[in-house]
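Me: I am new to reading protein structures. Could you take me through this one, step by step?

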Amino acid sequence: MKVRTRFAPSPTGYLHIGGARTALFSWLFARKHGGEFVLRIEDTDLERSTQESVNAILEGMTWLGLEYDEGPFYQTERFDRYKEVIQQLLDQGDAYYCYCSKEELEQMRNEQMARKEKPRYDGRCRDRKAPREGVEPVIRFRNPQDGEVAFDDLIRGRIAFQNKELDDLIIARGDGTPTYNLTVVVDDWDMGITHVIRGDDHINNTPRQINILKALGAELPHYAHVPMILGADGKRLSKRHGAVSVMQYRDEGFLPEALINYLVRLGWSHGDQEVFSLDEMIELFDLKDVNRSASTFNPEKLLWLNQQYLKGSDPDHVARHLSWHIGNAGVDPSGDPPLAEVVKCQAERSKTLIEMAESSRFFWVEFDSYDEKAVQKNFKGEALDVLKALAAGFEALEEWRAEPIHQVVIATGEQLDLKLGKVAQPLRVAVSGGGVSPPIDITLELLGRERTLARLAKAIEYVEKKSVTEGPAGA
């Protein structure tokens, strides 16, 4: 048997964290077993489904790297097939027309609740022969009334339902359009899905779908229901917890593989290991290791993981993602210094690509002002002498590399009898505009001789003017 899994989102919104984790688990299972992963768009909710949501789902899948082997398939393009199956169920006697009005159903529900019974359809149209004038009938599946329906969930173990607890669900609305529990059954059957991996909010749908599959003589897939994700407060994950579009995580400066790594650890583990390559995930992932209890979303853990990936990934790979953020900030990073070289010196000090982009802007863009706190702290006392001495030392350098640059900084400190910080910090403010940068020798090497000297000259002029207007430096 060739393993075939699927991800089947409804295009009524973006691809969120819960959906992305379900897609990831399905994708990993298929890849581990040499199987195929199918993408299906369940767009039969015509009022709420939008092309914008479809695009957002496809964009999210692409960004995460969850490539699909088949699809995307759209349910709205399969209505003829659903009608065919509904007719088959009618012909077999496994479905029937229900002419109950909304008022009747509401009264039925109220009476059952008054008797403290579970509200459910009581089957009053099961044996009805004659149509009812003025009512567009729905079509209901004739669920078995005795026995049980059970399945061995690959995460939760054996789960059983009594058929008498399951009412006759609607499989076609009054206008003829099919409902979810019918379309998902037909799709999984037609597409040869062997393993249905989905959220545990679908557990109650599973016995109904199994009964429809049995009525159709179809082979049953294996089911695995993944526990939900909770916020730190123990409540179901929502926007306030971080349940936003996966593309927002891109916008906030996360690498896709960091988010993938975080998602796989939401409910699955392999010993104490926290960081996994994609190949390791595929090799190690197993549904039996997925927790039965809900997982808690922790933004700080995701941030930590992102930092690990920024530090440990190929700088060229990080640079490709950083380029998008640099461009969004209105900067063209195509010139010197090379973006990958900037990544190498910034990775240790950045938690997100947004941070990296903001702190690297000075490499390509001239700044009009200095950070006020950095100026007050570092452009005082001997700062003017330091900057002038550094400028002279750099002018004389024959080779513009980090090591000789570092030697000039050391020599300047010795010449002026100053500690390294008293030399490096004014220099850092002069070339970057602020008090923070990568190691100063590497920073200057990447900036290049011309820009370094030009910025030193500008800083010297600034400090001289400041001394005139405020009195002697350090006074």
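Predicted model: local features only at pLDDT ≥ 70, side-chain atom pairs only at ≥ 80, totals over all residues.

Me: Is strand 10 largely enclosed or open, and how many of its five residues are buried?
Reply: Strand 10 covers residues 222-226. It is largely enclosed by the rest of the structure, because most of its residues pass the test for burial, which is under 20% relative accessible area. The number buried is four.

Me: Which residue of strand 10 is the bridge partner of His-195?
Reply: Strand 9 takes in residues 195-199. It runs parallel to strand 10, and five bridges join the two. The partner of His-195 in strand 10 is His-222.

Me: Which helix makes a β-α-β unit with strand 9 and strand 10, and what is the unit's hand?
Reply: The helix of this unit spans residues 205-215. With strand 9 and strand 10 it makes a β-α-β unit. The helix is helix 6, and the hand is right-handed.

Me: How do the rings of Phe-25 and Phe-285 pair: stacked, edge-to-face or tilted?
Reply: By the distance rule for ring centres, the model has 14 aromatic pairs. In one of them, the centres of Phe-25 and Phe-285 are 5.1 Å apart.

Me: How many residues apart are Phe-25 and Phe-285 in the chain?
Reply: Phe-25 belongs to helix 1 (residues 17-32). Phe-285 is in the loop between helix 9 (278-284) and strand 12 (295-296). Both residues are buried. The pair links distant parts of the chain, with a separation of 260 residues.

Me: What is the angle between the ring planes of Trp-268 and Phe-276?
Reply: Trp-268 is buried at 0% relative accessibility, and Phe-276 is buried at 1%. Together with Phe-25 and Phe-285 they form one aromatic cluster. The ring centres of Trp-268 and Phe-276 are 5.3 Å apart. The pair is tilted, as its planes are at 55°.

Me: Over the ring of which residue does the charged end of Arg-140 sit?
Reply: Look at the charged end of Arg-140. It lies 3.6 Å from the centre of a ring and sits over that ring. The ring belongs to Tyr-121.

Me: Is Gly-448 buried or exposed?
Reply: Gly-448 is in the loop between helix 18 (440-447) and helix 19 (449-470). Its C-alpha is 9.5 Å from that of Phe-363, though the two are 85 residues apart in sequence. The relative accessibility of Gly-448 is 17%, and the cut-off is under 20%, so Gly-448 counts as buried.

Notes
Residues numbered from 1 in each chain as written. Heavy atoms only, no water. Buried < 20%, exposed > 50% of the residue type's maximum accessible area, 1.4 Å probe, protein only. Pairing = 2+ DSSP bridges. Right-handed = clockwise from strand over helix to strand, strands pointing away. Phe/Tyr/Trp six-rings, centres within 6.5 Å; stacked < 30°, edge-to-face > 60°. Lys NZ or Arg CZ within 6 Å of the ring centre and 35° of its normal.
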